[in-house]
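Biologist: I would like to learn how to read helices and sheets from a model. Could we go through them together?

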Amino acid sequence: MKSFSLKTNSHSEMINITSRIQNVVYESGIVDGIVQIFIPHTTAAITINEGADPSVVKDIIKELNKIVPLRDSYLHMEGNSAAHIKSTLVGASEMVMIENGSLVLGTWQAIFFCEFDGPRQRKVFVKILEG
Ligand code: ZN
């Protein structure tokens, strides 16, 4: 398993990590297989969505904030229940195929690390399976 660190800069943001994942794939030397990306945090997540227009991820964050308000009658005393809920809604892992050494993504797709309780120092775990 490989991993890399990520410093997030705001409370909620989506950071395009496609090139960092692609670099891990290149360094592995594996040209055909599957890469699993896993986020070992309970207030962050990973997703695949449009990387071309930065407005898209801003809209996703804006609408997630409507679905899961920052303040509500949450029981969790740490004060970051909204971030925990968004982490579960978006999910902790993604799998992407590798063909000829490259990630198989649609034209407009990118892989995003989702921060919901930043800024923090975060980790991304990457496992590559050959075949
Ligand atoms: Zn918490």
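Biologist: Which residue is the bridge partner of I15 in β7?

Modeller: The model is a predicted one, in which local features need pLDDT of at least 70 and side-chain atom pairs count only at pLDDT 80 or more, while totals for chains, interfaces and linings use all residues. Residues are numbered from 1 along each chain as its sequence is written, and side-chain values use heavy atoms, with hydrogens and water left out. Strands of a sheet pair through backbone hydrogen bonds, either parallel or antiparallel. Here the partner of I15 in β7 is F113, and β2 is joined to β7 (residues 109-115) by 4 bridges, the two running antiparallel. Strands (E, at least two residues) and helices (H or I, at least four) are DSSP runs numbered from the N terminus, and two strands pair if DSSP finds at least two bridges between them.

Biologist: In what order do the strands of the open sheet lie?

Modeller: The order is β2-β7-β4, with antiparallel pairing. Because β2 (13-16) and β4 (44-50) each have a single partner strand, they stand at the edges, and one side of each is left without a neighbour in the sheet.

Biologist: Which residues of helix α1 are buried?

Modeller: An α-helix has 3.6 residues a turn, so residues three or four places apart point the same way. In α1 (residues 18-28), T18, I21, Q22, V24 and V25 are buried (under 20% relative accessible area, with exposed over 50% and partly exposed in between; 1.4 Å probe, protein chains only). The face turned away from that buried side carries the exposed Y26 and E27, and just after α1, G29 takes a positive phi of about 75°.
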